[in-house]
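Reader: Hi! I'm new to looking at protein models. Could you walk me through this one?

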Amino acid sequence: KTKSVGWWKKLLDHKFSQYIRQKYAVNGVTECVTCGAKHPWKNMQNGHYIARNHMSTRYSERNNHPQCIGCNMFKNGNMDEYALFLIKTYGEGILEDLQKEKQKIRQIRIPEYQELIKLYEDKIKALND
């Protein structure tokens with residue numbers, strides 16, 4: 001049976017989240033970008049500054065960073081601190097850039113999901129080599 005777009009989206013979400021959490025890990029430990037808490041990367045979450053329902057920024061590496069569950073879930077992303085982190089990391093224009101990007105309509109079809117899954121599998125492999 002052919003897999004649905006939703007199936008591919010879920011798989012890419014998983015691979016992309018793993019990549020974001022591992023990308024920032026040092027000796028398997030990742031720091032929350034909003035509060036500084038340190039946890040094994042597997043215990044961290046992939047926090048989105050612009051909500052993930054916006055497909056144009058859902059897989060943007062500048063919009064996604066490791067967050068602890070406290071900040072991402074219980075503090076609703078800890079947005080004030082997230083904004084400060086983004087500005088410090090990417091410069092003054094980042095918030096405006098992400099807001100502009102968020103406005104774009106983006107539909108991802110199965111072949112693009114497959115390409116992105118392969119890309120992030122390769123990036124994960126490179127991190128672990």
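Predicted model: local features only at pLDDT ≥ 70, side-chain atom pairs only at ≥ 80, totals over all residues.

Reader: Why would residues a few places apart end up pointing the same way?
Author: An α-helix has 3.6 residues a turn, so residues three or four places apart point the same way.

Reader: How far does α4 reach from its first C-alpha to its last?
Author: It reaches 16 Å with its twelve residues, close to the 16 Å expected at 1.5 Å a residue. Just after α4 comes G91, which takes a positive phi of about 100°.

Reader: New topic! How many residues are in the largest nonpolar core?
Author: There are 13, and L12, Y59, Y113 and Y120 have the most contacts inside that core. The elements giving two or more residues to the core are α1 (5-23) and α6 (110-128). Apart from that core lies another one of nine residues, including V33, Y82, F85 and I94.

Reader: So what does Y59 touch?
Author: Leaving out residues up to four places away in sequence, Y59 touches K9, L12, D13, F16, N64, I108, Y113 and Y120.

Reader: I see lots of rings. How many aromatic pairs are there?
Author: The count comes to six. F16 and Y120 make an edge-to-face pair, 5.0 Å centre to centre with 90° between the planes. F16 lies in helix α1 and Y120 in helix α6, so this pair ties together parts that are 104 residues apart in sequence.

Reader: Are F16 and Y120 buried or exposed?
Author: Both are buried. Y49 and Y82 also form an edge-to-face pair, at 5.5 Å centre to centre and 70° between the planes. That pair links distant parts of the chain, with Y49 in the loop between β3 (45-48) and α2 (55-58) and Y82 in helix α4, 33 residues apart. Y49 and Y82 are buried too.

Reader: Which residues form one aromatic cluster?
Author: F16, Y19, Y59 and Y120 do.

Reader: Last one: where does K3 lie?
Author: K3 lies over the face of W7, at 5.0 Å from the ring centre.

Technical notes:
Residues numbered from 1 in each chain as written. Heavy atoms only, no water. Core = buried A, V, L, I, M, F, W, Y, C linked by side-chain atoms within 4.5 Å. Buried < 20%, exposed > 50% of the residue type's maximum accessible area, 1.4 Å probe, protein only. Helix = DSSP H or I, 4+ residues; strand = E, 2+ residues; numbered from the N terminus. Contact = heavy atoms within 4.5 Å. Phe/Tyr/Trp six-rings, centres within 6.5 Å; stacked < 30°, edge-to-face > 60°. Lys NZ or Arg CZ within 6 Å of the ring centre and 35° of its normal. Expected span 1.5 Å × (residues − 1).
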